[in-house]
Amino acid sequence: MIHRTLLIFAITAAALPAAGASGGKCDRACLQGFIDSYLDALAKHDPSKLTVAASVKFTENGKELKLGEGFWKTAGASNYRLYALDPVAGDAAAQAVVAENGDLDTFFVRLKIKAKKITEAETLVCRKGQAGFFAPDKMTSAPALYSEALPESEQSVRSQLIDTASAYFTAVQSEGTKDYRSAPLAPKMNRFENGVQTTNVPVMGNPAMSGAEQLDKGIFKGLVIDHRRFPVVDEQHGVVVGLVLMHANMNGQMGGILISEMFKIAGKQIQQVQAVMVNVPDNSETGWK
């Protein structure tokens with residue numbers, strides 16, 4: 001009787017899916033696979049190649065659309081992919097450069113994965129003329145810094161990583177005011193916006209300054225930031241994705257900018273910032289709570 005019970009148990013166990021095979025947790029390789037599948041399907045204009053939940057939510061530049069609409073109809077292949085992978089929350093994101101009708105666009109995608117299915121797909125696409133800074137041709141290879149795992153001595157817990165990234169947005173919004181609160185930026189920190197380096201080089205009529213000097217001197221004074229979210233956090237690599245809606249004076253009129261910032265944080269300091277951003281009407285929404 002005991003032998004028969006053990007035999008039944010062994011047969012039943014063999015029939016069950018292996019951990020991580022289906023229905024299990026999506027690890028780093030699994031999450032990157034979903035991102036790659038999304039970009040590959042996008043290039044083929046065929047969302048049916050994706051494994052999605054029946055209730056999948058899809059947005060493009062803050063507007064909710066049906067998966068397969070918008071950029072899905074015109075996008076081509078991508079030749080640059082910078083990943084952020086969060087196995088704990090089941091979120092993955094990537095910044096990419098995507099061809100479209102002979103031009104290059106900057107692109108951001110965030111996916112929420114549950115039970116090995118895409119339940120959320122949030123995207124930003126920026127074309128020439130849709131942002132103050134735009135140079136996708138300079139985004140030729142993803143910076144290796146983001147794929148380097150940190151030694152334990154330089155790692156931070158999830159909440160601390162979010163606080164550090166949020167401090168950056170607080171500094172940007174409060175710069176040039178009596179309430180200014182500086183951000184924990186590494187001395188050699190660099191920021192790139194749609195492929196354009198905007199620190200340690202002359203920018204907006206200002207001489208070359210470090211990221212900290214720019215904020216301390218308030219050269220971007222007057223920006224308002226809301227809808228802060230940090231859906232992707234990778235403690236092992238010190239990578240955080242921050243999403244915000246920024247409001248700025250554009251030629252005498254207020255306008256909005258949807259921004260995805262990918263932070264590299266080590267030793268509780270921001271080492272680099274990579275941004276994909278696109279101008280939108282000032283009264284726009286992000287499409288997400």
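Modeller: Let me begin with pairing, for two strands pair if DSSP finds at least two bridges between them. In this predicted model, an open sheet of six strands has the order S2-S1-S6-S5-S4-S3, and its pairing is mixed.

Colleague: What makes strand S1 and strand S6 a pair?

Modeller: At least two bridges are required, and five bridges join S1 (residues 52-60) to S6 (residues 117-126), the two running parallel; the pair therefore meets the definition. Within S6, Ile118 is the bridge partner of Val52.

Colleague: Why is one side of strand S2 and of strand S3 left without a neighbour in the sheet?

Modeller: S2 (63-65) and S3 (78-86) stand at the edges and each has a single partner strand, so one side of each has no neighbour there.

Colleague: Which strands does helix H2 lie across?

Modeller: Helix H2 (residues 28-43) lies across S1, S3, S4 (91-100), S5 (103-114) and S6, and runs at about 145° to S3.

Colleague: What makes a set of residues a nonpolar core, and which residues have the most contacts inside the largest one?

Modeller: The members must be buried residues of kinds such as Val, Phe and Ile, joined through side-chain atoms within 4.5 Å. The largest such core has 30 residues, and those with the most contacts inside it are Val240, Phe263 and Ile270. Its largest share, six residues, comes from helix H3. A second, separate core of 27 residues includes Ala41, Leu50, Trp72 and Ala94.

Definitions and conventions. Residues are numbered from 1 along each chain as its sequence is written. This is a predicted model: local features need pLDDT of at least 70, side-chain atom pairs count only at pLDDT 80 or more; totals for chains, interfaces and linings use all residues. Side-chain values use heavy atoms; hydrogens and water are left out. Buried means under 20% relative accessible area, exposed over 50%, partly exposed in between (1.4 Å probe, protein chains only). Helices (H or I, at least four residues) and strands (E, at least two) are DSSP runs, numbered from the N terminus. Contact means heavy atoms within 4.5 Å. Axes are lines fitted to C-alpha atoms, for helices over the stretch in contact, and angles run from 0 to 180 degrees between N-to-C directions.
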